[in-house]
Amino acid sequence: MKDYRQANRGRPFEELLKMVHANYQRYGAAVVHKIPTEFLPIRDAAGKIVSCKVEDKSCVDYLGRYYNIPVAVEAKHTMARRIKFSEVQDHQAAFMDDFCDNPGAVGLVLVSFGLRRFYAVPWQFWKAARTGWQTGTQEPVTAYGQTWTPPGKASASPEELHPEWEVRPGGAFVLPYLHTIEILSGRSRRHG
């Protein structure tokens with residue numbers, strides 16, 4: 001029998017993001033929606049649904065806008081001390097590449113370490129780390145005026161991520177991860 005605790009391990013993070021996105025929308029700062037995964041029910045001989053399988057792979061977890069900036073977000077939660085760069089699957093990486101090719105569009109990988117520490121990693125850096133460990137290269141990456149050297153491993157601890165990507169919970173938005181976009185663009189807005 002399938003262990004559903006493993007399948008739902010990111011559920012508390014998803015619930016947190018539901019509240020965060022509602023707050024962003026309430027304050028008029030963003031509109032971000034969850035992209036549902038299409039499932040195909042699998043039935044037994046009596047017609048009872050006994051399982052399901054993914055019918056169509058989703059692009060990323062969330063799409064929307066932060067003020068006038070298009071944003072794509074892939075949310076990853078881990079109870080481990082490190083996050084694997086392979087957590088972003090190939091089809092998600094291809095989507096992020098295409099999405100970020102649009103001028104002004106921002107892709108983020110939002111990481112929860114045990115719902116205690118959070119990081120909003122810009123796609124260009126995550127992609128470089130993902131590619132670097134696959135190819136065995138460890139080159140510094142510069143984007144948005146920031147430079148970061150990926151750890152050269154298949155995963156990273158919070159300490160190996162850029163400190164400016166850390167999102168501190170609190171305030172009106174609860175987890176103001178979209179504010180990372182302002183750091184990347186060098187802009188500042190006043191927030192409640």
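## The salt bridge between Arg 82 and Glu 160

In this predicted model, a salt bridge joins the side chains of Arg 82 and Glu 160, with a nitrogen-to-oxygen distance of 2.8 Å. The two partners belong to distant parts of the chain, 78 residues apart. Arg 82 lies in the loop between β5 (69–78) and β6 (83–84), whereas Glu 160 lies in the loop between β11 (155–156) and β12 (166–167).

Are these two residues buried, partly exposed or exposed? Arg 82 has a relative accessible area of 28% and is therefore partly exposed.

Lys 153 is partly exposed, with a relative accessibility of 40%.

The surroundings of the two residues can be described by their accessibility. Arg 168 has a relative accessible area of 58%, so this residue is classed as exposed. Glu 166 has a relative accessible area of 17%, so this residue is classed as buried.

For the model as a whole, the count comes to 13 salt bridges.

## Helix α4

Helix α4 covers residues 123–135, which amounts to 13 residues. From its first C-alpha to its last, the helix reaches 18 Å, close to the expected span of 18 Å at 1.5 Å a residue. Just after α4, Gly 136 takes a positive phi of about 80 degrees.

Which residues of α4 are buried? They are Trp 123, Phe 125, Trp 126, Ala 129, Arg 130 and Gly 132. An α-helix has 3.6 residues a turn, so residues three or four places apart point the same way.

The buried residues of α4 pack against several other elements. One of these is a helix, α3 (90–100). The strands in this group are β6, β7 (106–113), β8 (117–122), β9 (141–143) and β10 (146–148).

Conventions. Residues are numbered from 1 along each chain as its sequence is written. This is a predicted model: local features need pLDDT of at least 70, side-chain atom pairs count only at pLDDT 80 or more; totals for chains, interfaces and linings use all residues. Side-chain values use heavy atoms; hydrogens and water are left out. A salt bridge is a side-chain nitrogen of Lys or Arg within 4 Å of a carboxyl oxygen of Asp or Glu. Helices (H or I, at least four residues) and strands (E, at least two) are DSSP runs, numbered from the N terminus. Buried means under 20% relative accessible area, exposed over 50%, partly exposed in between (1.4 Å probe, protein chains only). The expected span of a helix is 1.5 Å times one less than its number of residues. Contact means heavy atoms within 4.5 Å.
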